[in-house]
Amino acid sequence: MQLPQRVAVGALVVPALLASVGLAAHPAPAVAPGQLVIAVRPAEVVLAGTAASAEERQQVVDAVRALSDRPVTDVLTLGDRLPVTAAVTAALLRAALDRGVTEFTGVVHEGHLTASAHVVDPERAGSLSDALRSAAPGLRVDEDFTTTG
């Protein structure tokens, strides 16, 4: 992942995570219109972005809640359409959860998925890479995986 992409991910994910644990000030984090952030942490799943309607927002939240026993922190706001459907969002989340990823952050924007994750070994990193590409075949995927084992 190139430095500008890392800066963009950090600028979006850090405020979302701070807001999710109550450390940030009042409103949801600033997220570019038409963007979706999926952050998987040991204790929760965080969703940030802009949805076109309350119905679109609820579909994404419901799809994520159906897949994970972790609490879902929803900081989706109304604005532009999400860049992927609820089904694709769920498929991306399933790709991370099914591979035992300890931490995952995916940012979807303008046909592009920027993914970072902590995985236990290179084999799981490869498996996650393949799964993300299968989950969203229309997205260009850039990844930055760290092995922890």
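Predicted model: local features only at pLDDT ≥ 70, side-chain atom pairs only at ≥ 80, totals over all residues.

Reader: In what order do the elements of the chain run?

Author: The chain has four helices and six strands. From the N terminus on, the order is α-β-β-α-β-α-β-β-α-β.

Reader: What percentage of contacts between residues at least 6 apart in sequence join residues at least 24 apart?

Author: The chain has 149 residues, and 44% of them count as buried. Take the contacts between residues at least 6 apart in sequence. The share that joins residues at least 24 apart is 68%.

Reader: Are H2 and H3 roughly parallel or roughly antiparallel?

Author: H2 covers residues 54–67 and H3 covers residues 86–97. Their axes come within 9 Å and cross at roughly 25 degrees. Angles under 35 degrees count as roughly parallel. H2 and H3 are therefore roughly parallel.

Reader: Is the crossing of H2 and H3 left-handed or right-handed, and how many charged residues does the contact have?

Author: The H2 and H3 crossing is right-handed. H2 contributes Gln59, Val60, Ala63, Val64 and Leu67, while H3 contributes Ala86, Thr89, Ala90, Leu93, Arg94 and Leu97. By class, eight residues of this contact are nonpolar and two are polar. The number of charged residues is one.

Reader: How do H3 and H4 run, roughly parallel or roughly antiparallel?

Author: The axes of H3 and H4 come within 9 Å. They cross at roughly 170 degrees. Angles over 145 degrees count as roughly antiparallel. So H3 and H4 are roughly antiparallel.

Reader: Which residues of H4 make the contact with H3, and which class do the residues of this contact belong to?

Author: On the H3 side, the contact uses Val88, Ala91, Leu92, Ala95 and Ala96. On the H4 side, it uses Leu128, Ala131, Leu132 and Ala135.

Reader: Is Glu56 buried or exposed, and what does Glu56 touch?

Author: Glu56 sits in helix H2. Buried means under 20% relative accessible area. Glu56 has 8%, so it counts as buried. Leaving out residues up to four places away in sequence, Glu56 touches Ala51, Asp80, Arg81 and Leu82.

Reader: How far apart in space are Val37 and Leu76?

Author: Val37 is in strand E1, residues 35–41. With a relative accessible area of 1%, Val37 is buried. Val37 and Leu76 are 39 residues apart in sequence. Their C-alpha to C-alpha distance is 9.2 Å.

Reader: What separates the C-alpha atoms of Ala39 and Phe104?

Author: Ala39 also belongs to strand E1. Ala39 counts as buried, at 2% relative accessibility. Along the chain, Ala39 and Phe104 are 65 residues apart. Their C-alpha atoms are separated by 5.7 Å.

Reader: With which side chain does the side chain of Thr114 make a polar contact?

Author: Thr114 lies in strand E5. Thr114 has a relative accessible area of 7%, so it is buried. Its side chain makes a polar contact at 3.4 Å. The partner is the side chain of His112.

Reader: Where is Glu110, and what is its phi?

Author: Glu110 is in the loop between strand E4 (103–109) and E5. Exposed means over 50% relative accessible area. Glu110 has 71%, so it counts as exposed. Glu110 is not a glycine, yet its phi is positive, at about 50 degrees.

Reader: Is Val120 buried, partly exposed or exposed, and which residues does Val120 touch?

Author: Val120 is in the loop between strand E5 (112–119) and helix H4 (122–135). Its relative accessible area is 31%, so Val120 is partly exposed. Val120 and Thr148 are 28 residues apart in sequence, with 4.9 Å from C-alpha to C-alpha. Not counting residues up to four places away in sequence, Val120 touches Thr148 and Gly149.

Definitions and conventions
Residues numbered from 1 in each chain as written. Heavy atoms only, no water. Axes fitted to C-alpha atoms, helices over the stretch in contact; angles between N-to-C directions. Helix = DSSP H or I, 4+ residues; strand = E, 2+ residues; numbered from the N terminus. Parallel < 35°, antiparallel > 145°, perpendicular 65-115°, else oblique. Left-handed = near helix turned anticlockwise from the far one by under 90°. Contact = heavy atoms within 4.5 Å. Nonpolar A, V, L, I, M, F, W, Y, C, P; charged D, E, K, R; others polar. Buried < 20%, exposed > 50% of the residue type's maximum accessible area, 1.4 Å probe, protein only. Polar contact = N/O pair within 3.5 Å; in protein donor to acceptor, adjacent residues only side chain to side chain.
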